[in-house]
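Please keep the viewer open as you read.

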Amino acid sequence: MVRQRTLLVGIVLVLVAFVGGAGAGLASRASDELAFGDVKEQTQQFIEYERTIELTPAQEAVKKEALSQIPAPCCSDNTAYTCCCPCNMAKAIWGMSAYLITEKGADAAMVRKKTEEWVKLINPDGFPGDTCYTSGGCGKAFAHGGCGGMNAERLVF
């Protein structure tokens, strides 16, 4: 009887470990399903996520861990987590991150990867890192090294 119980407990532990590992893999693959396409449309959607998705403290910690390791494209003396202001680029990054964490179960590594992909997509030539400190920089389109504007209702493309 003791031997059967020990065997049953062992099987249950193996199943729990297997399912937990498979679930983590599924979450990572699920966040890979976020395909980038129309920058204007997705920017609007990501900004809406930033406005509507509320993160738990644990989810906010994932976002912070991910974005604190990436320099803000428009003001590289800040991180993508803080940026120097809530410009349209920052709001889009924050919203995309919230979506990945809450809807796709993404961890910090995946949020960081997707953020880096997004930044490369919106300006393949890269950002100078000082856009916010140059006259008119915040009002420029992403593709021209700008922040896409400061008002979500008036995105600059």
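This is a predicted model: local features need pLDDT of at least 70, side-chain atom pairs count only at pLDDT 80 or more; totals for chains, interfaces and linings use all residues.

A residue counts as buried when its relative accessible area is under 20%, as exposed when that area is over 50%, and as partly exposed in between.

**Aromatic rings**

With those cut-offs in hand, Phe-36 is partly exposed because its relative accessibility is 23%. Trp-118, at 0% relative accessibility, falls in the buried class. Phe-46 is buried too, with a relative accessible area of 2%.

How many aromatic pairs does a search of the whole structure find? The search returns six.

| Pair | Centre to centre | Angle between planes | Class |
|---|---|---|---|
| Phe-36 and Trp-118 | 5.3 Å | 55° | tilted |
| Phe-46 and Trp-118 | 4.9 Å | 75° | edge-to-face |

Why is the pair of Phe-36 and Trp-118 called tilted? Its planes stand at 55°, and an angle counts as edge-to-face if over 60 degrees and as stacked if under 30.

Where do these rings sit along the chain? Phe-36 belongs to the loop between helix H1 (2-32) and helix H2 (39-52), while Trp-118 is part of helix H5 (residues 108-122), so their pairing ties together parts that are 82 residues apart in sequence. Phe-46 lies in helix H2, so its pair with Trp-118 in helix H5 ties together parts 72 residues apart in sequence. Ring pairs also build a cluster, whose members are Phe-36, Phe-46, Tyr-49, Tyr-99 and Trp-118.

**Cysteines**

A disulfide is a covalent bond between the sulfur atoms of two cysteines. The count for this model comes to zero disulfides. What keeps Cys-74 from counting as bonded? Its closest cysteine sulfur, in Cys-83, is 3.6 Å away, which is too far for a bond, since the cut-off is 2.5 Å. Cys-75 is likewise in no disulfide, and the nearest cysteine sulfur, that of Cys-84, is 3.5 Å away. As for accessibility, Cys-74 is buried at a relative accessible area of 1%, and Cys-75 is buried at 0% relative accessibility.

Thr-79 is found in the loop between helix H3 (57-67) and helix H4 (88-104). Its relative accessibility is 22%, so Thr-79 counts as partly exposed. Leaving aside residues up to four places away in sequence, Thr-79 touches Leu-67, Ser-68, Ile-70, Pro-71 and Ala-72.

Lys-63 has its place in helix H3. Is this lysine, Lys-63, buried or exposed? Lys-63 counts as buried, because its relative accessibility is 11%. With residues up to four places away in sequence again left out, the contacts of Lys-63 are Leu-55, Tyr-81, Trp-94, Ser-97 and Ile-101.

**The largest pocket**

Finally, the largest pocket has a volume of about 170 Å³. Which residues line the largest pocket? Its lining consists of Lys-40, Gln-44, Ile-47, Glu-48, Arg-51, Ala-152, Glu-153, Arg-154 and Leu-155. Sorted by class, that lining holds five charged, three nonpolar and one polar residue.

Terms used:
Residues are numbered from 1 along each chain as its sequence is written. Side-chain values use heavy atoms; hydrogens and water are left out. Rings of Phe, Tyr and Trp (its six-membered ring) pair if their centres lie within 6.5 Å; planes under 30 degrees apart count as stacked, over 60 as edge-to-face and the rest as tilted. Helices (H or I, at least four residues) and strands (E, at least two) are DSSP runs, numbered from the N terminus. Buried means under 20% relative accessible area, exposed over 50%, partly exposed in between (1.4 Å probe, protein chains only). Contact means heavy atoms within 4.5 Å. On a 1 Å grid over the protein atoms alone, a cavity is a set of points where a 1.4 Å probe fits but cannot get out, and a pocket is an open set with protein on both sides within 12 Å along at least five of seven lines; lining residues have an atom within 4 Å of a point. Grid points are joined across faces, edges and corners, and a volume is the space filled by probe spheres set on the points. Ala, Val, Leu, Ile, Met, Phe, Trp, Tyr, Cys and Pro count as nonpolar, Asp, Glu, Lys and Arg as charged, and the others, Gly among them, as polar.
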